[in-house]
Amino acid sequence: MRALLLSRLVKGELSRIPRPPPLLLMKYASLSSSAHSEDEPTKKKRKRSDCHILGPDLPDIWTPRSSAPPVPSSSSQTHVNDELIPTIIDGKSIAQDIRTVVAEEVRKMNNAIKKVPGLAVVLVGQRRDSQSYVRFKTKACEEVGIRSLLAELPEDCADDEVLNTVLGFNEDPSIHGILVQLPLPQRHHATVSTVHAFTKNPEDITREADIVISAAGVPNLVRKSWLKRGSVVIDVGTNPVEDPNSEHGYYLAGDVCYEEALQVVSAITPVPGGVGPVTVAMLLCNTLESAKRTHELS
């Protein structure tokens, strides 16, 4: 089984390249061990053995598969006249279930010790996609009863200012989770295996992948012709597209052309309503767990 990761480029680099952003083609095992972020303020590196994308019971080495499209089982796929009916991975529904549990746990905690979890968010600069994420997270905190604080810093602030802000929140006993919203300014790159901006034939490489994880930052980059029939698409792209009729003057689109992908994929996450809601919901879960450990609650 093979998986593909589309990675982000800064706009300046993209304008100089006559082809789409770089591609990462890797087996499942390397997804959890070869990529790490250098944007954490403490810059701590996790051990490879601590990272499990698909769980600890999977083999370290995968036997290469033939280029033939995968044959889904009858229990996981529905076929009508030999047409593939894709499964929509409903992030909103999953997130709502998680939030319901979190809200109940927060209520119990407040009733027991008159305290609630606290989440602090550090936002640097004026990126509109980052501002959208922060709005979603603040609203989500309000809905489940978690106290939220926001520190907004200018784009040209020094590294020490960001670090001192994080340290200040860390010393506050009412704060149980701290999130530095990424990407930070002049931090657009990540170390992600052996891929560069001049990868040839990106469409051909993508068509070989069973799983496509896209985070390129280019709306509708991945078209139907790029995808293998029956592949799974996780679209992490969040791209603001100008729209004067929208509430904030723009709407968010993914890297994958959703309408086209539905014709060939076996499962896909939409944008918005896919990865984002689950990410925010799990942030709430982690903040709650941190608060419970602080107050020695089971």
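**Close-up views of the predicted model**

View 1. Lys114 counts as exposed, its relative accessibility being 65%. Here exposed stands for over 50% relative accessible area, buried for under 20%, and partly exposed for values in between, with a 1.4 Å probe and protein chains only. The structure is a predicted model, in which local features need pLDDT of at least 70 and side-chain atom pairs count only at pLDDT 80 or more, while totals for chains, interfaces and linings use all residues. Residues are numbered from 1 along each chain as its sequence is written, and side-chain values use heavy atoms, with hydrogens and water left out. Lys114 belongs to the loop that runs between α3 (91-113) and β7 (118-124). Helices (H or I, at least four residues) and strands (E, at least two) are DSSP runs, numbered from the N terminus. The phi angle of Lys114 is positive, near 60 degrees, and the residue is not a glycine.

**View 2. The chain as a setting for the close-ups.** Eight helices and 15 strands make up the named elements of the chain. Of its 298 residues, 40% are buried. The chain exposes about 17100 Å², of which carbon and sulfur atoms supply 52%; this accessible area comes from the Shrake-Rupley method with a 1.4 Å probe, and for residues only the protein chains shown count as cover.

**View 3. Asn220, a second residue with positive phi.** Although Asn220 is not a glycine, its phi is positive, at about 60 degrees. The residue sits in the loop between β11 (211-214) and β12 (232-235). With a relative accessible area of 35%, Asn220 is partly exposed.

View 4. Leu182 and Pro183 are joined by a cis peptide bond, with omega near 0 degrees. Pro183 lies in the loop linking β9 (177-180) and β10 (191-192). The bond between Val271 and Pro272 is also cis, and its omega is about -5 degrees. Pro272 is placed in the loop between β15 (267-268) and α8 (275-294).

View 5. Rolling a probe the size of a water molecule over the atoms shows where empty space is left. The largest cavity holds about 40 Å³ of space. A cavity is a set of points, on a 1 Å grid over the protein atoms alone, where a 1.4 Å probe fits but cannot get out, and lining residues have an atom within 4 Å of a point. Grid points are joined across faces, edges and corners, and the volume is the space filled by probe spheres set on the points. The lining consists of Leu119, Val121, Val134, Lys137, Thr138, Cys141, Ser148, Leu149 and Leu150. At least two lining residues come from each of β7, α4 (128-144) and β8 (147-153). The largest share, four residues, is supplied by α4. By type, six of the lining residues are nonpolar, two are polar and one is charged. In this grouping Ala, Val, Leu, Ile, Met, Phe, Trp, Tyr, Cys and Pro are nonpolar, Asp, Glu, Lys and Arg are charged, and the others, Gly among them, are polar.

View 6. Helix α5 covers residues 159-170, and its 12 residues should span 16 Å at 1.5 Å a residue. The expected span is 1.5 Å times one less than the number of residues. The end C-alpha atoms of α5 are 17 Å apart, which agrees with that expectation. Val162, Thr165, Val166 and Phe169 are buried in this helix. Seen down the axis of α5, these buried residues fall within an arc of 95 degrees, so they line one face of the helix. The arc is that of the directions from the helix axis to the C-beta atoms. Turned away from the buried side, the other face of α5 carries the exposed residues Asp160, Asn164 and Asn170.

**View 7. Pairs of residues separated along the chain.** Ile205 is part of helix α6 (residues 202-206) and counts as buried, at 19% relative accessibility. Its C-alpha atom is 8.3 Å from that of Trp226, 21 residues apart along the chain. Val101, in helix α3, counts as exposed at 52% relative accessibility. Tyr133, in helix α4, counts as partly exposed at 24% relative accessibility. Tyr133 and Leu182 are 49 residues apart along the chain, and their C-alpha atoms are separated by 9.8 Å.

Notes
1 Å grid on protein atoms, 1.4 Å probe; cavity = no way out; pocket = protein on both sides within 12 Å on 5 of 7 lines; lining within 4 Å.
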